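Please find below some notes on this structure, written for a colleague who is meeting it for the first time.

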Amino acid sequence: MTTEEKTKIEERIVDVLKTVYDPEIPVNIYDLGLIYKVDVKDDGEVELDMTFTAPSCPAADFILEDVRQKVDSLEGVINTTVNLVFEPVWDQSMMTEEARVELGFE
């Protein structure tokens with residue numbers, strides 16, 4: 001897979017991640033800053049590192065499965081592994097400016 005192909009897949013992954021929401025927060029998980037890593041391998045395997053705003057998120061299983069299914073559905077993606085990480089600890093500074101405005105933090 002070329003660098004250009006990987007970049008296009010990464011862009012599509014970001015687009016699809018922006019359609020995933022925590023049911024309790026009206027901002028997508030990407031703009032919340034919950035995605036720490038998107039790694040597209042040459043063979044089409046994708047590895048994501050993500051976190052939650054709190055380790056005890058009641059919607060965690062739903063969100064993780066939504067992420068995996070949506071990324072797996074993209075052309076060029078063979079399989080998606082979603083790693084749940086809590087380092088570094090998420091905080092509000094990781095959100096995009098738009099997310100902070102939407103949630104009233106600006």
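1. Helices (H or I, at least four residues) and strands (E, at least two) are taken here as DSSP runs, numbered from the N terminus. The model is a predicted one, in which local features need pLDDT of at least 70 and side-chain atom pairs count only at pLDDT 80 or more, while totals for chains, interfaces and linings use all residues. Residues are numbered from 1 along each chain as its sequence is written, and side-chain values use heavy atoms, with hydrogens and water left out.

2. The structure holds nine salt bridges, a salt bridge being a side-chain nitrogen of Lys or Arg within 4 Å of a carboxyl oxygen of Asp or Glu. One of them joins aspartate 72 to arginine 68 at 2.8 Å, N to O, and these two residues both belong to helix 2 (residues 60-72), where they stand four residues apart, about one turn of the helix. For exposure, buried means under 20% relative accessible area, exposed over 50%, and partly exposed in between (1.4 Å probe, protein chains only). On that scale aspartate 72 is partly exposed at 23%, and arginine 68 is partly exposed at 29%.

3. Helix 1 (residues 3-17) contains glutamate 4 and lysine 8, again four residues apart, about one turn of the helix, and their side chains form a salt bridge of 3.5 Å, N to O. Glutamate 4 is exposed, with a relative accessible area of 54%, whereas lysine 8 counts as partly exposed at 45%.

4. The side chains of aspartate 42 and lysine 6 also meet in a salt bridge, at 2.8 Å, N to O. Because aspartate 42 lies in the loop between strand 1 (35-40) and strand 2 (45-50) and lysine 6 lies in helix 1, this pair ties together parts that are 36 residues apart in sequence. Lysine 6 is partly exposed, with a relative accessible area of 21%.

5. Strand 1 and strand 2 run antiparallel and are joined by five bridges, where two strands count as paired if DSSP finds at least two bridges between them. Isoleucine 35 has methionine 50, in strand 2, as its bridge partner. The hairpin formed by these strands has four residues between them, and glycine 44 takes a positive phi near 95° there. A network of salt bridges links Lys37, Asp39, Lys41, Glu47 and Asp49.

6. The largest nonpolar core has 28 residues, of which Ile13, Ile29, Met50, Ile63, Val67 and Val71 touch the most other members; such a core is a set of buried Ala, Val, Leu, Ile, Met, Phe, Trp, Tyr and Cys residues joined through side-chain atoms within 4.5 Å. Helix 1, strand 1, strand 2 and helix 2 are the elements that give two or more residues to this core, and helix 2 supplies the largest share, five residues. Not counting residues up to four places away in sequence, valine 71 touches Ile13, Val16, Leu17, Val46, Leu48, Val77 and Thr80, contact meaning heavy atoms within 4.5 Å.

7. Where does phenylalanine 86 lie? Phenylalanine 86 is in the loop between strand 3 (79-84) and helix 3 (97-102), and is partly exposed, with a relative accessible area of 33%. Leaving aside neighbours within four places in sequence, phenylalanine 86 is in contact with Thr51, Phe52 and Pro55. The C-alpha atoms of phenylalanine 86 and glutamine 69, which are 17 residues apart along the chain, are separated by 22 Å.
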